[in-house]
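Here's a quick walk through one protein chain, written for someone who likes cut-offs spelled out. Have a look at the model first, then read on.

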Amino acid sequence: MPSKIAAPSARNRTLVVVESPSKAKTINKYLGDDYTVYASIGHIKDLPKKEIGIDFDNHYEPRYEVIAGKEKVVRQLKKLAGEADSVLIATDPDREGEAIAWHISNEIEFARKPVYRVLFNEITKKAIVEAIGQPRQIDYRLVRSQQTRQGLDKIVGYRISPFLWNVVYRGLSAGRVQSVALRLICEREAEIDAFTPQEYWTISGDFVTPEKESFRTRLVKVRGDKPEITNGQQAEEIAAAIQGRLFAVSDIVPKVIQRRQPLPFTTSLLQQAASNQLGFGSQKTMRVAQQLYEGIELGPEGATGLITYMRTDSTRISGEAVGQAQEYITRQFGKEYIGPGSPTKSGKNSQDAHEAIRPTTVSRTPESLRKHLSADQFKLYELIWKRFLASMMAPAKIEQTRVDVEDHEKEFVFRATGNRTIFPGFFRVYDDQQELDYEAQKSTRDEVEKEQIVKLPEHLSLKDALRLSELDRRQSFTRPPARYTEASLVKELDNYGIGRPSTYASIFSTLQERRYVELQKKKIIPTELGKDVSTILVANFPELFNVKFTAEMEDELDKVASGDDEYEKVLDSFYRPLESALSHRKADPVIPQNREAEVCEKCGKGRMIVKWTTSGKFLGCSCYPQCKNIKSIATTKAKPKDTGIACPTCGEGHMLLRNGRLGPFLACSNYPKCNTLLNLSKQRHIEPKKAPPVKTDLGCPKCGSLMYLRSGKRGPWLGCSTFPKCRGRLSWNSVEKEVREHWESVMKDHLKAHPEVVIRMVDGSAAPMTLPIEDIISRAEEAGLISSQSEQENEVTA
C-alpha cells in the first residue's frame, strides 16, 4: 500500500499563510522547523455569485460567503490556527492580498491566536526574514479600498446588465472599466471608418560626392517653403525643375544628443513591452511573471523567486538593488557606464507601495538560468533583467548630424540626417529602438514611425559639389488613426489613469470573452455586437461610461486606501445617481439605432426597429405581437477566406475561415460532403483536434449520469457526459487506485486508436499552430498557396 501523505501540523509552531502552493514551497525552504507554511489557493471568501451581496439599507455592507470548493481549505486553516502559537499572513503586498488576509483572519478569529500581516516584495531569504521580523496589523483601509472597487463593479454588473437584457438580449453584461475601454475601442473604430485618405507625394534624391560616396536625402524646401505635393503632376513638375541643376553642401549641423536610459518596468510597461517584443498577451505575461515571482526550481538551490512583485505602478528601486546593479555594471562594462541611480518617476495615481519589477539578484543572468526555465519564462526574465540593468546605466550619447544640400539657384533644399554613437551607455544591454520610440510617444493614435536615418559619407565639407544621381517620386496617402493593440490599449488606459496593475490583464480578455471585440493581426477590432452595446450604454449613461468619471473613481479608491475618504460615502455618491438614471431609462431607453426607424408598411402604425438575438439583428415592427412584420438587415458579411490549410479529414478541401454565432472558426470547403470544423482560441490560434472522450461507468457526483474521461494538459480528468446541462466534475485522485489504473489503460489504448492529427498546409508542410490565423493566411498568400483576398474579389467581379 502506498504511504499516505502526512497532514500538515502547526503544533508549537508559527503558521504562515500564503496564496499559492508554489509560493509556499519557495518560502518553506527559507524557514526552519518552527514554521508551517500553508497555501489558501487565492481567495477563500467572496461576494455571492448569483446575487449582488451588498446591503443597501445597512451602509452598503458586503455579505461574504466561503467560495464553493474552498470549504476544505477553510477547515484546514482553522485546524492549523488552533494548533499554532501565532499566525503570520503573507499574502501578496497589495489591496487584493490585504483583503485575502482580512478574510483569513476573520475565519480563524475563534482560535484567539495572535494574527499579524507580513509583507515582502520579493521571495528571497533576506526579504522573508526581514518581513517576519517586522509584522504589522492588517490595514483595514486597504481592505475597504478593495471592497469599494468590488462593490462598484458589482453594482454596475447587477444594475446595468439587466438593462442590456431588456434592450438587446439576455446574457449580455456591462463592466465599470471594461465598458469604458470598449467605448475607447469603438470610438477609435468610428474615426477610422470616417477617415478620408489624402494623397501626398514625397521626393527623395541620391547624391554622390567627389569620392564616389552616395547618400539619400529628402526634399524639405521649395523656394523657401515646405513642399506640399498633392498629386503626381505636381511631383513631376517639381522633379523636372530640379533635373539638370548644380548642387552643393550648403549646411552641416552636428549636435550631441543624449538618449536617456529607460525606466524599469511597471506592470503597464511590462505588459506593453512583452506584447510588442515577445508577442505575449497581457494575461500570458502576468501568468509567466507570477511563476518567476513565486519561485522556479534551480537544481540544488531549490525553488527560488527570480523577480520582485509584478503588480506595481512604481518605478522606485531599493538602495540595495541599485548598489548590486552598480557593482555588476562596473565589473562588466566599467565605471563610466554607471547611471544616476534609482528613477523616481511614477504615474498619476501611483501607489508607490512597491518597487519596480526587477530581478531579485542581478548576478543571475538570463543565460545562467536558461536550463531551468521554460522558453516563455526565459524570454520574459531576459526582458526584465535587461530592462532593469539598462535603467541603472548611463545615457547613450549620439552625435546627430544634419546635412543640407542646395542647388546653385537656391530654390530647392534636400536634407539628410545621420547618427554616430559616441558613447553607447545603456545600449550595451537594451537596444530596442522601436520599443523606446513607442514608449516615448504619448499618443496611441499614430503608428510609431522611425525618422529616416542615413549613413552619411565620411568625408563631407561645406560647399562640396555633389552630383544628383537619382530622383525618386513616391506617392503616399495619409493614414487613419491606428487601431488599438493589447499594448496600446493598456498604454491608453494607463495614460488616462483608468484601472490598476491588477486589472489591466483582465480588461481585454473580458471584452474578448463577451464577444465585444476580436483580435486580428494583433489589432483590436470591435464586433457589431460590441459597437451596438457601447452605443446604447453611452447614449443612456453618458456620465457613467466616460473616461473622466472612471479616472476620478480610481482617485476615490486611492483616497479610501489612504483614509481620506470613506467606503460608504464613495458607494453612495456612485449608487444614487445611477439608480436615478436607471429608473428613468428603464421606462424610456435611448436606442440610437432606432432614431430614424421607418413606419411599418404592413400595419402602418408601428415602426421598423432594430431587434437583437444571439445570432444577429433584424428589423421588426414595434407593434409586435399584433404585427409580426420582420426584415433582415443588409450586412457586409465577410466572405469565407481560404487559409491554405488542407482539410485533415477528407484531404481534398481547404479549410475556410468563417464567422459564426460563437465567433470565428475553420470549416472544410467540401461542406456538406465533409463537415470537419477546427476551433480557434482567443488569440485566434488553431486548436488541435482532440480525441473523443472515453465513456466510463463512474457516476456523476451531481446528477448520477455517467462520466466522460478526457486527457488534459494536467493529466486525466472526469466530467459529466451531459455537459453543459450538468457541469459535474470528479477529482481523478479521489478515484480508487485500481479503478484509476484500469481507466488509464483504457485511455492509453483509446489515444492510440485516435492519434493526434497533424494539421498541414495544402503543400504538405505543417501548419504553424502558434501563429494567429491571419498570419497563416498571409504566409500562404506569400508562398502562392492561395490567392490574396483582393485577387479573389477581382475574380468574383470578373
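A disulfide here is a pair of cysteine sulfur atoms within 2.5 Å. In general terms, it's a covalent bond between the sulfur atoms of two cysteines. By the distance rule, the chain has 0 disulfides. Take Cys603: its closest cysteine sulfur belongs to Cys621 and sits 3.7 Å away, so that's too far for a bond. Cys703 is in no disulfide either, with the sulfur of Cys720 as its nearest at 3.6 Å.

How covered are these two? Residues count as buried under 20% relative accessible area, exposed over 50%, and partly exposed in between, using a 1.4 Å probe and protein chains only. Cys603 comes out partly exposed at 27%, and Cys703 is partly exposed at 40%.

## Ground rules

This is a predicted model, so local features need pLDDT of at least 70 and side-chain atom pairs count only at pLDDT 80 or more, while totals for chains, interfaces and linings use all residues. Residues are numbered from 1 along each chain as its sequence is written, and side-chain values use heavy atoms, with hydrogens and water left out.

## The chain as a whole

The chain has 798 residues, 47% of them buried. Its C-alpha trace spans about 95 × 85 × 60 Å along the principal axes.

Contact means heavy atoms within 4.5 Å. Of the contacts between residues at least 6 apart in sequence, 68% join residues at least 24 apart. On the charge side, there are 118 positive and 107 negative charges, and their mean positions are 5 Å apart. For that, Lys and Arg count as positive and Asp and Glu as negative, with His and the chain ends not counted; the charge is placed at NZ of Lys, CZ of Arg, CG of Asp or CD of Glu.

## Two glutamates

Is Glu406 buried or exposed? It counts as buried, at 18% relative accessibility. Glu406 is found in strand S14 (residues 396–407), and beyond residues up to four places away in sequence it touches Leu246, Phe247, Ala248, Ser250, Phe412 and Val413.

Glu65, in strand S6 (residues 65–66), is partly exposed at 36%. Setting aside neighbours within four places, Glu65 contacts Ile44, Lys45, Asp46, Pro48 and Lys49.

## A strand pair

Strand S22 (residues 641–646) is mostly covered, with 5 of its 6 residues buried. S22 pairs with strand S23 (residues 654–660) in the antiparallel sense over 4 bridges; pairing takes at least two DSSP bridges between the strands. Across that pair, Ile645 stands opposite Met655 in S23.

Most residues other than glycine have a negative phi, and most peptide bonds are trans. The bond from Tyr624 to Pro625 is cis, with omega near 10°, and Pro625 sits in the loop between strands S20 (616–621) and S21 (630–632). Another cis bond joins Tyr671 and Pro672, with omega about 10°; Pro672 lies in the loop between strands S24 (663–668) and S25 (677–679).

As for phi, His59 has a positive value of about 60°, and Tyr60 has a positive phi near 60°. His59 is partly exposed at 45%, whereas Tyr60 is buried at 3%.
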